[in-house]
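The exercises below are meant to be worked through with the sequence and the model side by side. Try each task before reading its solution.

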Amino acid sequence: MIPIRPNVLEMQAYSPGKPIDEVKRELGLDRVVKLASNENPFGPSPRAIEAVKKAVERMHIYPDAAAHDLKGALSARLSLPTTNLMVGNGSDELIHLIGLILLGDEDQMVMGDPSFSRYDAAAQIGESRLIKVPLDAEYRHDLPAMARATTAKTKLIWIANPNNPTGTIVRKAELDRFLDDLPEDVVVVLDEAYYEFAAEVPDFPNARDYVAAGKNVIGLRTFSKAYGLAGIRLGYGFGPETIIDAINRVREPFNVNCLAQLAGIAALEDQEHVRKTVENNRRGLNTLAGVFERVGAKPCESFANFIYADLGRPARPVFQALLERGVITRSGDVLGNPNCLRVSVGSEEEMQIFVEELENVLSPAVAR
């Protein structure tokens with residue numbers, strides 16, 4: 001017997017969306033549209049692509065372990081000192097590290113349910129008690145219920161805003177009340193992976209402002225979504241200096257590779273690319289909401305780059321039927337709600353394909 005820690009065996013491996021090439025091979029399809037992983041349909045900024053091309057000849061040199069230039073660019077963008085900033089191999093790595101530095105076997109962690117699955121892992125790796133609080137009737141974080149679930153042993157609370165998989169948000173006034181009522185030693189992580197899509201929404205709370213005000217808050221963001229750099233793995237966060245110092249003590253020395261650092265700097269300089277992405281996303285959300293309503297489903301009001309819809313029936317058969325027609329989505333049975341389907345916003349052409357195929361799948365002749 002190999003003595004693997006019991007808490008590790010209780011963890012569930014992350015379940016990614018199916019890759020396009022795998023679906024083509026399995027089903028013998030020529031045309032496959034992937035709307036499962038909330039990726040940017042425009043890809044990276046041309047500036048980021050050019051920065052990576054120029055850097056490939058220097059791949060034999062270790063990256064800057066301190067990510068000095070990248071942190072400098074983020075500092076200028078956020079108006080925060082670099083001592084409040086951290087970068088990671090995707091924000092996934094930062095989620096893992098936050099759990100490592102804050103949670104032990106006597107501690108508790110609170111999160112919404114469903115929400116991003118990697119929060120679970122942060123609790124389980126530290127052998128802490130995980131408390132999942134169901135979302136409210138509108139698939140939003142139930143902050144009053146999360147406050148009631150908080151005890152003297154609670155050390156960490158996760159709030160994905162916008163939430164994944166539902167795309168819903170909590171507003172500033174309700175979040176302010178929640179934070180004001182918490183014990184001083186509780187750390188709240190505001191995971192803003194989809195920040196750019198919600199930033200202009202009235203009363204959307206900005207994690208950066210809480211950090212600047214000295215609150216016990218960590219903000220997390222990523223270059224994977226609006227910036228289109230999912231494949232190169234780059235995330236960042238900001239929080240109290242004591243948190244950043246602890247993260248730097250436990251992270252790998254060269255956790256962000258040189259290509260990612262340069263791509264991130266270039267991507268930050270191209271806000272026009274982000275603007276184009278956000279505008280396309282707004283149109284795509286309207287398209288998705290419209291088709292779900294036409295077929296009798298109930299879509300959540302989304303502030304991310306995907307829509308989560310209650311089909312009123314098991315979603316797995318719908319997911320499978322769409323897959324066989326060359327459209328990859330995410331079935332709610334792996335996300336916490338078996339009647340729900342999550343669909344990413346794609347290009348205009350991809351949206352047209354999805355609309356046509358969903359209506360075909362859910363027509364009475366096919367669905368019954």
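**Exercise 1.** Does L285 count as buried or exposed, and at what relative accessibility?

*Solution.* Bear in mind throughout that this is a predicted model. Begin by locating L285, which lies in helix α13, spanning residues 271-294. Next, take the relative accessibility of L285, which is 12%, and compare it with the cut-off, since buried means under 20% relative accessible area. L285 therefore counts as buried.

**Exercise 2.** Determine how helix α5 is oriented relative to helix α6.

*Solution.* Identify α5 as residues 90-102 and α6 as residues 118-125, whose axes are 8 Å apart and pack at an angle of about 30 degrees. Angles under 35 degrees count as roughly parallel, and α5 and α6 are therefore roughly parallel to each other. The crossing in which α5 passes α6 is right-handed.

**Exercise 3.** Carry out the analysis for helix α3 and helix α12.

*Solution.* The axes of α3 (residues 46-55) and α12 (residues 258-269) come within 8 Å and cross at roughly 150 degrees. Because angles over 145 degrees count as roughly antiparallel, α3 is roughly antiparallel to α12. The handedness of the crossing of α3 and α12 is right-handed.

**Exercise 4.** Which residues make the nonpolar surface patch of about 410 Å²?

*Solution.* The patch is made by I2, I4, V8 and L9. Of these, V8 is found in helix α1, residues 6-9, and V8 counts as partly exposed because its relative accessibility is 30%.

Key: Residues numbered from 1 in each chain as written. Predicted model: local features only at pLDDT ≥ 70, side-chain atom pairs only at ≥ 80, totals over all residues. Heavy atoms only, no water. Patch = residues over 30% accessible without salt bridge, like charges linked within 9 Å, V, L, I, M, F, W, Y side chains within 5 Å. Areas by Shrake-Rupley, 256 points an atom, 1.4 Å probe, with all protein chains shown as cover. Salt bridge = Lys/Arg side-chain N within 4 Å of Asp/Glu carboxyl O. Helix = DSSP H or I, 4+ residues; strand = E, 2+ residues; numbered from the N terminus. Buried < 20%, exposed > 50% of the residue type's maximum accessible area, 1.4 Å probe, protein only. Axes fitted to C-alpha atoms, helices over the stretch in contact; angles between N-to-C directions. Parallel < 35°, antiparallel > 145°, perpendicular 65-115°, else oblique. Left-handed = near helix turned anticlockwise from the far one by under 90°.
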